[in-house]
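Here is a walk through one structure, from a pair of helices to the whole chain. Keep the 3D view open as you read.

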Amino acid sequence: MATNQREKALRNEQTRDKRPYAVARYIRISPSKVQIVLDLVRGKKYEDAVAILSTTNKSACDPILKLVNSAAANAENNLNMPKDNLYIAECYAMPGPILKRMMPRAKGRGDRILKRTSHIKIILDEKEVQMPVKKTTKATPKTETKKAEGGEVKEVKKPAAKTATAKKPAVKIDSTAEKPLAKEPAKKPVGTKKVETKKEGK
């Protein structure tokens, strides 16, 4: 029996989520109202989340802001994580116990009032810092070793690879294109011939 408990405890320890988190229980706000504010903050950086929660006019912002600061303090003190790299990885609200009350209505009747509570959990995580990519330098001419006739080793430099340059398209002359005609000499104006009319005899 004891061995099974030890094995179970080891499995739980290996599969346990080791990210920093904070939990608030029995908050007197309905989970649907809390979820609206959590949707604004999910996936944001820690500094952006604090700015959003401090400027949003919702009743759920105050307990959530305290919870985010508590989770960031847990990350900084327990796991040595700087606050600058933290972001809200997961956040959700679960329904808690419901307080049932009654409101008197007409004719001796009564309506039930449900005062809901919620449990809020926020999990933080650290963003991976991406290393800048180094730019490649220009290709240097490579050297080759060749043996001479006397047995001496000589280094011969290879020419650097030429970069392909865009060639300008050659202009082709179309021989079939029509050439402009030479101007012809101006012709002299031809005089009009006089038409002789015969006079009719008397």
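**Two helices side by side**

The angle is about 160°, and the axes lie 10 Å apart. Axes here are lines fitted to C-alpha atoms over the stretch in contact, and angles run from 0 to 180 degrees between N-to-C directions. Helix α3 covers residues 46-55, and α4 covers residues 61-78. From α3, the contact (heavy atoms within 4.5 Å) uses Tyr46, Val50 and Leu53. From α4 come Cys61, Ile64, Leu65, Val68, Asn69 and Ala72. By class, that makes 8 nonpolar residues, 1 polar and no charged ones. Ala, Val, Leu, Ile, Met, Phe, Trp, Tyr, Cys and Pro count as nonpolar, Asp, Glu, Lys and Arg as charged, and the others, Gly among them, as polar.

This is a predicted model: local features need pLDDT of at least 70, side-chain atom pairs count only at pLDDT 80 or more, and totals for chains, interfaces and linings use all residues. Residues are numbered from 1 along each chain as its sequence is written, and side-chain values use heavy atoms, without hydrogens and water.

Now look at the core. In soluble globular proteins, nonpolar side chains tend to be buried together. A nonpolar core is a set of buried Ala, Val, Leu, Ile, Met, Phe, Trp, Tyr and Cys residues joined through side-chain atoms within 4.5 Å. The largest one here has 28 residues. Val34, Leu53, Ile64, Ile88 and Ile122 have the most contacts inside it. At least two residues each come from β1 (21-27), α2 (31-41), α3, α4, β2 (86-95) and β5 (118-126). Helix α4 gives the most, with 8 residues. Which residues does isoleucine 64 touch, not counting those up to four places away in sequence? They are Val34, Val37, Leu38, Leu53, Ile120 and Ile122.

Arginine 109 counts as exposed because its relative accessibility is 58%; exposed means over 50%, buried under 20%, partly exposed in between (1.4 Å probe, protein chains only). Beyond its neighbours within four places in sequence, arginine 109 contacts Met103 and Pro104.

Finally, step back. The chain has 4 helices and 7 strands, taken from DSSP runs (helices H or I, at least four residues; strands E, at least two) and numbered from the N terminus. Of its 202 residues, 18% count as buried.
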